[in-house]
Amino acid sequence: MRNVIILGSQWGDEGKGKIVDLFSERFDIVARYQGGHNAGHTVFIGEKKFVLKLIPSGILRPGKMAVIGNGLVIDPAALLAEIDALESAGVAVAGRLFISSRAHVLFPAHRMMEKMSENRPGRVSIGTTSRGIGPCYEDKIARRGIRIADLMNTEVFRAQYDSVMEEKVAIARALGIEDELDLRRIRDEYEAFAERIRPMVCDTPMLLNEAIRGGKHVLFEGAQGAMLDIDHGTYPFVTSSSASAGGACTGTGVSPTRIGGVIGVSKAYITRVGGGPFPTEALDGAGDLIRRRGNEFGAVTGRPRRCGWFDAPLLRYTAAINGYDSMVVTKLDVLDEFESIPVCVAYRCCGREMASMPPTVAEIEKVEPVYEWVPGWRTSTFGIASFDQLPAKAKDYLAYLESQIGVEVGCISTGPERNQTIVRQGSRLEALIA
Ligand code: GDP
Ligand code: IMO
Ligand code: MG
């Protein structure tokens, strides 16, 4: 069964966009299953740079279908801007992009609510992307959300919109929030967005299941990463959706019985944007060197990413909850200059060692990483496209990661471009995308 989930196995920005774009050549459909325009998936094709936020990276492959699943929250203004940018860069979107009628609609009021909760004195700031993602998912779970199907029916939309938005304005006023939203103007704007989106809206669970029954192959593209998952991540420093493998099923309406494999994408080190615990964070010059060499600045917000060392307990944990068949290790080239590279092999806390991630932030904040130093290779791996050509010490580093996690490294990325990638012969990954 050639339906495969690709997801981030750390705190996001692992290079999923590059890998999904590369592998989508071998699939018929690429489907996003959660998140919104908090995601920023960067793909380089020659000199051209694309940053995909809501649209699956597979859109960059001519002839492939792209699906925005029911698990997403959609800001129509952001979606239409993304479509326009792609079309003007010569990427045909019309007729290839399908949007779930069950996905939820994100409104400016969600951004206002988020600003309120992030900035209120005494509240723990998550360091969100300020896109309104959390409050939109709050409305979904509270069963007052407005879905794409509702937006398609003016009468239904107006009634829902007026009731939901009046409540938000009342809350904002009660809390003394200054921002005043022109609710009527926004409603008119959304009605205009609806007309542009309408031709792309459909029953995507049925579309996907019929395609699978007809022998088509689907690649599921995760956004964010498993450690930002609402259930499994470093709660409350997480996003509001199911970024791990289970989310691919609930977020698209494709059953686990139809999934053939799961691939986790990880950097050769680790980064995090926003607040929250980060046991292997390198707060010294080494962290700055990774940031500079890896150009570790957010694709959506431009914020400098926090950088640190490969964290095996974290990877063991995300490998367990997602059941990786194989792993992709990206940005190996970023470590080229280091004489030796620390790898966290366990956490130490209260006199004992732990092999995996503890469940609470309070516990994670107390752990001390136990490092093993692996010799660096100190030669350029940038752009290497064959495993044999990697320096022996870089191969040893990858083998060490494999032995620590217990999952094969089936693919290695050595640069941002498609051809700067190694797929290992005979790996499970090679079979999954064959
Ligand atoms: P995503 O959100 O997981 O798709 O990742 P981002 O696009 O936010 O961040 C990954 C960044 O690393 C992008 O700028 C990519 O172009 C870049 N990138 C991906 N793979 C490699 C690699 O192997 N080496 C280098 N140097 N850059 C890479
Ligand atoms: P991609 O798909 C990295 C982080 C934010 C913040 C937390 C909650 O490009 O890997 P949110 O706006 O989602 O409510 O913010 O999650 N975050 C990401 N970090 N990559 C992402 O997406 C992220 N999307 C959200 O920085 O800490
Ligand atoms: Mg990103």
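Mentor: Some ground rules come before the questions. The model is predicted, so local features need pLDDT of at least 70 and side-chain atom pairs count only at pLDDT 80 or more, while totals for chains, interfaces and linings use all residues. Residues are numbered from 1 along each chain as its sequence is written, chains are lettered from A and ligands numbered from 1 in the order in which they are written, and side-chain values use heavy atoms, with hydrogens and water left out.

Trainee: How do you know where domain 1, domain 2 and domain 3 lie?

Mentor: The bounds come from an automatic or database domain assignment. Domain 1 covers 4–101 + 200–261, domain 2 covers 104–197, and domain 3 covers 266–432. The centres of domain 1 and domain 2, taken over C-alpha atoms, are 23 Å apart.

Trainee: What makes a residue part of the contact between domain 1 and domain 2?

Mentor: Contact means heavy atoms within 4.5 Å. On that rule, domain 1 gives 27 residues and domain 2 gives 22 residues.

Trainee: What does "bury" mean for domain 1 and domain 2?

Mentor: Buried area is the accessible area (1.4 Å probe) that two parts lose on being put together, summed over both. Here that comes to about 2,000 Å², with 66% of it on carbon and sulfur atoms. In domain 1, Val73, Pro76 and Leu80 lose the most area to domain 2, together 26% of what that side buries.

Trainee: Why is the pair Asp75 and Arg111 called a salt bridge?

Mentor: The rule asks for a side-chain nitrogen of Lys or Arg within 4 Å of a carboxyl oxygen of Asp or Glu. The closest N and O atoms of Asp75 and Arg111 are 3.0 Å apart, so the pair qualifies. Between domain 1 and domain 2 the count is two salt bridges.

Trainee: Which elements supply the side of domain 1 that touches domain 2?

Mentor: Strand 6 (73–74), helix 2 (76–88) and strand 7 (97–100) each supply at least two residues. Helix 2 gives the largest share, five residues. Helices (H or I, at least four residues) and strands (E, at least two) are DSSP runs, numbered from the N terminus.

Trainee: How do you know which residues surround ligand 1?

Mentor: A residue counts if one of its heavy atoms lies within 4 Å of the ligand. For ligand 1 there are 17 residues, and the closest are Lys16, Gly17, Thr42, Asp333 and Ser413. Ligand 2 has 20 residues around it, with Lys16, His41, Thr129, Gln224 and Thr239 nearest.

Trainee: What makes Thr42 a polar contact of ligand 1?

Mentor: A polar contact is a pair of N or O atoms within 3.5 Å; within protein, one must be able to donate a hydrogen and the other to accept it, and residues adjacent in sequence count only if both atoms are side-chain atoms. A polar side-chain atom of Thr42 lies 2.6 Å from an oxygen atom of ligand 1, so Thr42 meets the distance limit. For ligand 2, a side-chain N or O atom of Lys16 is 2.7 Å from an oxygen atom.

Trainee: Why is the peptide bond from Tyr235 to Pro236 called cis?

Mentor: Its omega is near 10 degrees. Most peptide bonds are trans. Pro236 is in the loop between strand 10 (218–221) and helix 9 (245–250).
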